[in-house]
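Here are my notes on the model, as numbered points. Please read them with the structure open.

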Amino acid sequence: MDITILLMLPAFLLSMYAQHKVQSTFNKYTKVASKQGKTGAEVAAQLLAAAGIRDVKIEATPGQLTDHYDPRDKTVRLSEAVHNVRSLAALGVAAHEVGHAIQHNQSYGPLAFRSGLFPVVNIGSRLSMPLLLAGLVMGAGGFGDWLLYAGIIMFSVTVLFQVVTLPVEFNASSRAISMLQSERILSESEAAPAKRVLDAAALTYVAATITSLLTLIRYILIARRR
């Protein structure tokens, strides 16, 4: 039995908890309407205007929790549960995506670094598993070891990308809550539930990063054991 697989157990449990937490928290506060009655799209437009950003579009996108900001075409895409919805959860998520648009507009350091890593990560994520598997199949010594370590290096870039993602997400959430209050879109009592939604979403990024780090450690232990 490969005992290194035990490293993945806490990561698996944390990931399961994070998914449950974000779903349950979002579902809870998607039923609570904001007092001002604005939709996620309306709030996104207001916050972009307040930040002086006029070249970012707002579009609806299918699915649930599929919200994101696309820096390539400067578009905030809001899911069906956010775009035309007036809940505290919807407003928190919409403001979070605007936070990413503001980061992009201001050339926020961690976001710029993550964007620069993306082409390398795109290649690394495709090659890491084939290289790792080929190295394991070929066995210890010689070319097999080279392939195994090459796969580990490729995977490490993906881990670095996820680590850098954490401050990007935390900063966007912090900006979101601050803007919602400074623009008087949410009162202090309404901002607290919106923050809980964003904190739950952030936990999924933390879980993904921990899972990747433990996976990397497992690969290194396997290589060293050989």
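1. The side chains of Asp-199 and Lys-195 form a salt bridge, 2.9 Å from N to O. The term means a side-chain nitrogen of Lys or Arg within 4 Å of a carboxyl oxygen of Asp or Glu. Both residues lie in helix H6 (residues 188-225), 4 residues apart, about one turn of the helix. Asp-199 is partly exposed at 40% relative accessibility. Lys-195 is partly exposed too, at 41%. Here buried means under 20% relative accessible area, exposed over 50%, and partly exposed in between (1.4 Å probe, protein chains only).

2. Salt bridges that share partners also join Glu-59, Asp-70, Arg-72, Asp-73 and Arg-77 into one network. The structure holds 7 salt bridges. Side chains of opposite charge can pair when their charged atoms come close.

3. Basis of these notes: this is a predicted model, where local features need pLDDT of at least 70, side-chain atom pairs count only at pLDDT 80 or more, and totals for chains, interfaces and linings use all residues. Residues are numbered from 1 along each chain as its sequence is written, and side-chain values use heavy atoms, with hydrogens and water left out.

4. Asp-70 meets Arg-72 at 3.0 Å, N to O. Asp-70 is buried, with 8% relative accessibility, whereas Arg-72 is exposed at 76%. In the pair Arg-77 and Asp-73, the closest N and O atoms are 2.8 Å apart. Arg-77 is buried at 15%; Asp-73 is partly exposed at 30%.

5. Where is the place of Tyr-108? Tyr-108 sits in the loop between helix H3 (88-105) and helix H4 (109-138). Leaving aside neighbours within four places in sequence, its contacts (heavy atoms within 4.5 Å) are Gln-103, Pro-167, Val-168, Asn-171 and Arg-175. Tyr-108 and Asn-171 are 63 residues apart along the chain, with their C-alpha atoms separated by 9.7 Å.

6. Overall layout: the protein has 6 helices and 3 strands. From the N terminus on, the order is α-α-β-β-β-α-α-α-α. Helices (H or I, at least four residues) and strands (E, at least two) are DSSP runs, numbered from the N terminus. Along its principal axes, the C-alpha trace spans about 65 × 35 × 25 Å.

7. Of the 226 residues, 45% count as buried. Among contacts between residues at least 6 apart in sequence, 73% join residues at least 24 apart.
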